[in-house]
Amino acid sequence: GYIGPIGESSALQLQLLRHCTMTSTVGCLRRLLVFSPTPTLFAAVATALLLSTTCVHAHAQLQPLSSSASSAADLSWEFEDGAEGWGGATVPEAQAEVYHRDEELRVQITGTEPYIDSPKMLLPLRERLSIAMRYRCAFGGGIDTQGKFRLSIASWDDESPYNTNTEVRFKDVVIDVRGDGKWHSVYSEIDFPIDFDYSRGYLSQLRLWPILSARNGASFHIDWIRLVRAPIIKRVTGCKGELYSNSVTFQSKDYMIEEEITKINEALYSTKTTWRHRDTDLDYGRTYNCLRQGGETIVVEGENLGGGGWNGFGAPSHVYIGGEPCVNVTHDPERPQQSLTCISPSMSSEPDDSYGSLISDPSFVQVRNGVLPGLVDAKPYFTYAQAPPIPINVSVFNVASRSVDVSWAPGGSVLDHMTITGYLVMWREETSSSRWEDTLLGNVTVSTIRGLKPSSRYIVAISALTEDQRNGSTLDHYGRRAANVVDGSLQSPNSTIQVQTASYDLHF
């Protein structure tokens, strides 16, 4: 049967296979079992090697994580039928008596520095690889303490790539231990330096000190130990605004749009922006201009996203946006660990609209494993819609006795411009008793105000609108919309100008 994690390259498997057909070393067997994803020719060769070796008991105990764990799994020890290779040292050496009972690995402390060792392995290291353990501990009247995992790391030697005996470094992972005798789960990520080369590192063994500075007579029971990978969020998309980058911090930004320009008359054009989803040449993506009332389908892409577990089965992950549940989580049936969708929640509180950059106030998107909740990632890759910036460069021209043309430009950056769906133009006579009149325009930056009085002074106010871009309407020859302002629209401050109409018109 299958032993080890999934998804290594065929070229590496073939390289291992060629070596394993010439040698029958246990080290080669370990590596072959770790890298073989299916019971194909590799499994057949592994079976032959198993028959030709005598020291493989510990390695035959390595099992892939069960489907219920819903995670990108590497190894799991469930201790249902035995110790599964843990605790091979003698009692005097380990300062602990290790035994199996009631589907638990039990450790009875006999000294001050007890430890237990895992079986030998050769597991490729991966980003966000974590240790998860469910335990209960009775220690010194219920006080809390600490334990520690020590990871033995082996390297891939260029001169002898199948040498598994070269221990090059250790990595300690400290865990908090509660001594109240109740079951607890602990999660600890194996935190390597930023420049660590995962392609050359392998985990060869674990050593667990269940209790640091232990007392004779304390007990430590283990339900399971799992080596699993926490989620990695890379892209969050789906709203009417998407940015992409090769930097996780988006130091540089890119986007893809299509502009549909409609000619209304000889002098007036309307522009409609359509966003395009970027292909995978840029690793990171964030979405903005998201509806405050929610209800949009959000796509989360990355690695180790859960939901599917082993062979596509398992509980879906829990997704939150700004601390609120993103509901109807559905994992891609073909790529459950790499892609999921959910329906965005409504914004939990109204922000103070600053009329600034639309990317300045993002919400965190959090993906939490559905079964192992300690496996989590969060990225600030989601921004609710904000009111657009105030229009700029307002001017009037073609001033007549009963009409005037007015033009303006959108404020802010090009990213702000692409959220604008229309403009509200209002006007009234300068006298305090007059009331405002208005007209609703599409995404145009010039229009004509009609029905004015000759020799009168008017105040003209223009504001930009951000609305649900799934709604559209036709425009007349003055750029006016037939529909009303869409519910939930966001409006910029007014940009105003004064104009004096002519006393009479001249016709030539």
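Colleague: Is C290 buried or exposed in this model?

Modeller: The model is a predicted one. Burial requires a relative accessible area under 20%. The relative accessibility of C290 is 0%, so C290 counts as buried.

Colleague: Which residue forms a disulfide with C290, and where in the chain does that residue lie?

Modeller: The sulfur atom of C290 is 2.1 Å from that of C239, and the two form a disulfide. The pair links distant parts of the chain, 51 residues apart. C290 belongs to strand 16, whereas its partner is in the loop between strand 12 and strand 13; that partner is C239.

Colleague: What is the handedness of the disulfide of C239 and C290?

Modeller: The handedness follows from the torsion about the S-S bond. That torsion is about 105°, so the disulfide of C239 and C290 is right-handed.

Colleague: How many residues apart in sequence are the parts that C326 and C342 tie together?

Modeller: A disulfide joins C326 to C342, with an S to S distance of 2.1 Å. C326 lies in the loop between strand 19 and strand 20, and C342 in strand 21. The pair therefore ties together parts whose separation in sequence is 16 residues.

Colleague: Why does the ring pair of Y135 and F220 count as stacked, and which strands hold the two residues?

Modeller: Planes under 30 degrees apart count as stacked. The ring centres of Y135 and F220 are 5.3 Å apart and their planes stand at 0°, so the pair meets that criterion. Both Y135 and F220 are buried. Y135 lies in strand 6 and F220 in strand 11.

Terms used
Residues are numbered from 1 along each chain as its sequence is written. This is a predicted model: local features need pLDDT of at least 70, side-chain atom pairs count only at pLDDT 80 or more; totals for chains, interfaces and linings use all residues. Side-chain values use heavy atoms; hydrogens and water are left out. Rings of Phe, Tyr and Trp (its six-membered ring) pair if their centres lie within 6.5 Å; planes under 30 degrees apart count as stacked, over 60 as edge-to-face and the rest as tilted. Helices (H or I, at least four residues) and strands (E, at least two) are DSSP runs, numbered from the N terminus. Buried means under 20% relative accessible area, exposed over 50%, partly exposed in between (1.4 Å probe, protein chains only). A disulfide is a pair of cysteine sulfur atoms within 2.5 Å.
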